[in-house]
Amino acid sequence: MLTPTEVETLARTAHEGQTDKAGRPYAEHLRAVAEGVRSRGGDADQIAAAWLHDAVEDDVLTEAWLRQAALSDRTKAIVLAVTKRAGEAPEAYAARILATPGALLVKEADLAHNADPARLAVLDAATRTRLTEKYTRMRALLGLTDTTGT
């Protein structure tokens with residue numbers, strides 16, 4: 001099995017050169033989500049999934065790679081659960097997350113970091129509004145009614 005340090009290194013390497021919507025290195029988001037999972041009481045499988053939560057969705061690692069990786073089946077299931085699929089309705093995405101043990105905590109930490117007012121503040125007003133509405137809707141679909149992200 002990959003160690004936590006190996007998973008972090010793998011995720012950082014896979015996303016190297018990638019930036020978020022604000023132009024920040026994408027690894028900062030991965031670190032924040034992993035820390036968010038840890039601070040919410042997440043276990044090693046969930047923390048590993050947090051580091052890898054966007055890898056398949058962003059096409060930096062393939063689903064075939066993930067299925068063969070030296071990771072727990074639970075970590076793999078969480079990563080696949082939080083991976084959005086092209087054309088997928090938000091309701092179906094939320095249902096998959098809710099049906100996968102451990103995935104909700106990872107998505108909660110992801111949404112909390114994505115909706116961080118400091119992160120959103122650097123975006124233009126239209127993008128900020130669109131993303132705020134998107135994250136609020138997903139939190140509602142997941143039963144995460146506290147919109148502060150805590």
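Trainee: Which residues of α5 are buried?

Mentor: Buried means under 20% relative accessible area, exposed means over 50%, and partly exposed lies in between, with a 1.4 Å probe and protein chains only. In α5 (73-82), the residues that count as buried are T75, K76, I78, V79, L80, A81 and V82, so that seven of its ten residues are buried and the helix is mostly covered. Helices here are DSSP runs of H or I with at least four residues, strands are runs of E with at least two, and both are numbered from the N terminus. This is a predicted model, in which local features need pLDDT of at least 70 and side-chain atom pairs count only at pLDDT 80 or more, while totals for chains, interfaces and linings use all residues. Residues are numbered from 1 along each chain as its sequence is written, and side-chain values use heavy atoms, with hydrogens and water left out.

Trainee: What do the buried residues of α5 pack against?

Mentor: Contact means heavy atoms within 4.5 Å. By that criterion, the buried residues of α5 pack against α3 (44-52), α4 (63-68), α6 and α7.

Trainee: How is the packing of two helices described?

Mentor: Two packed helices are described by the angle between their axes and the distance between the axes. The axes are lines fitted to C-alpha atoms, for helices over the stretch in contact, and the angles run from 0 to 180 degrees between N-to-C directions. For α5 and α6 the angle is about 165°, with the axes 8 Å apart. Angles under 35 degrees count as roughly parallel, over 145 as roughly antiparallel, 65 to 115 as roughly perpendicular, and the rest as oblique; α5 and α6 are therefore roughly antiparallel to each other.

Trainee: What is the handedness of the crossing of α5 and α6, left-handed or right-handed?

Mentor: A crossing is left-handed if the near helix is turned anticlockwise from the far one by less than a right angle, and right-handed if clockwise. The crossing of α5 with α6 is left-handed, and in it L80, A81 and V82 of α5 meet Y93, R96 and I97 of α6. Sorted by class, this contact has five nonpolar, no polar and one charged residues, where Ala, Val, Leu, Ile, Met, Phe, Trp, Tyr, Cys and Pro count as nonpolar, Asp, Glu, Lys and Arg as charged, and the others, Gly among them, as polar.

Trainee: Where do the buried residues of α6 fall when seen down its axis?

Mentor: The buried residues of α6 (residues 90-99) are Y93, A94, R96 and I97. Seen down the axis of α6, these buried residues fall within an arc of 160°, so they line one face of the helix; the arc is that of the directions from the helix axis to the C-beta atoms. The buried residues of α6 pack against α5, α7 and α9 (125-141).

Trainee: What does I97 touch?

Mentor: I97, in helix α6, counts as buried at 0% relative accessibility. Not counting residues up to four places away in sequence, I97 touches A81, V82, A103, L104, K107 and L142. The C-alpha atoms of I97 and V82 are separated by 6.1 Å, although the two residues are 15 residues apart along the chain.

Trainee: Where is T83, and what does it touch?

Mentor: T83 sits in the loop between α5 and α6 and is buried, with a relative accessible area of 7%. Leaving out residues up to four places away in sequence, T83 touches H53, V56, E57, E88, Y93 and R96. By contrast, D59, in the loop between α3 and α4, counts as exposed at 68% relative accessibility, and its phi is near 60°, a positive value in a residue other than glycine.

Trainee: At what angle do α2 and α7 pack?

Mentor: Helix α2 (residues 26-39) and helix α7 (residues 103-114) pack at an angle of about 130°, with their axes 8 Å apart. That makes α2 oblique to α7, and their crossing is right-handed. The contact is made by E28, H29, A32, V33, G36 and V37 of α2 and by L105, V106, A109, D110, H113 and N114 of α7. By class, this contact has six nonpolar, four polar and two charged residues.
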